[in-house]
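Here are my notes on this one, written as a few numbered points.

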Amino acid sequence: MGDKDENVKKMAELLRGGSTMLSHSCPDCKTPLFKLTDGEIICPGCGRKAVFAKPNEVEKVKAEEEASSELEAIVLQKISRIKMKIAESDDPEELGNLSKTMTSLYDLLDRVRREKK
Ligand SMILES: [Zn+2]
């Protein structure tokens with residue numbers, strides 16, 4: 001594992017090469033992960049293909065890869081975030097709001113998926 005400056009340099013190079021920085025970071029070294037132009041996900045810190053320790057991380061990345069549009073990926077990410085909030089919340093009012101939001105997100109997802117066909 002290289003030092004921080006080395007990572008920053010690598011990340012800058014990746015961005016210049018057209019790769020995109022993902023919202024997930026490497027479970028090993030906490031460096032943000034990058035999606036290369038060929039769709040491969042790598043960790044610039046470890047210098048290898050990203051391996052996820054947490055199953056929900058794998059799900060998130062899979063959702064992003066399966067989503068054929070950016071909007072669909074965003075909606076899927078929001079849904080997984082709301083799910084986590086529901087799991088954490090004990091406040092009935094908040095839970096009500098969260099489930100309402102969840103329903104509209106699923107409606108939106110439905111619509112996005114139907115539109116692309
Ligand atoms: Zn790493």
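1. Start with helix H3 (residues 70-88) and helix H4 (residues 92-115): in this predicted model, their axes come within 10 Å and cross at roughly 160°. Angles over 145 degrees count as roughly antiparallel, so that is how H3 and H4 run relative to each other. The crossing of these two helices is left-handed.

2. Who does the touching? On the H3 side, look for Leu71, Glu72, Val75, Lys78, Ile79, Ile82, Lys85 and Ile86. H4 answers with a list that includes Leu95, Leu98, Met102, Leu105 and Val112.

3. Zoom in on S3 and S4, which pair in the antiparallel sense over 2 bridges. Here you'll find cysteine 43 standing opposite arginine 48 of S4.

4. Which residues make up the largest nonpolar core? There are 6 of them: Cys26, Leu33, Phe34, Ile41, Cys43 and Ala50. Strand S2 (32-35) and strand S3 (41-43) are the elements giving two or more residues to this core. As background, nonpolar side chains tend to be buried together in soluble globular proteins.

5. Last, click on alanine 50. Skipping its neighbours within four places in sequence, alanine 50 is in contact with Cys26, Leu33, Ile41, Ile42 and Cys43.

Notes:
Residues are numbered from 1 along each chain as its sequence is written. This is a predicted model: local features need pLDDT of at least 70, side-chain atom pairs count only at pLDDT 80 or more; totals for chains, interfaces and linings use all residues. A nonpolar core is a set of buried Ala, Val, Leu, Ile, Met, Phe, Trp, Tyr and Cys residues joined through C-beta atoms within 7 Å. A residue is buried if 20 or more other C-beta atoms lie within 10 Å of its own, exposed if 12 or fewer, and partly exposed in between; C-beta atoms are placed from the backbone. Helices (H or I, at least four residues) and strands (E, at least two) are DSSP runs, numbered from the N terminus. Two residues are in contact if their C-beta atoms, placed from the backbone, lie within 7 Å. Two strands pair if DSSP finds at least two bridges between them. Axes are lines fitted to C-alpha atoms, for helices over the stretch in contact, and angles run from 0 to 180 degrees between N-to-C directions. Angles under 35 degrees count as roughly parallel, over 145 as roughly antiparallel, 65 to 115 as roughly perpendicular and the rest as oblique. A crossing is left-handed if the near helix is turned anticlockwise from the far one by less than a right angle, and right-handed if clockwise.
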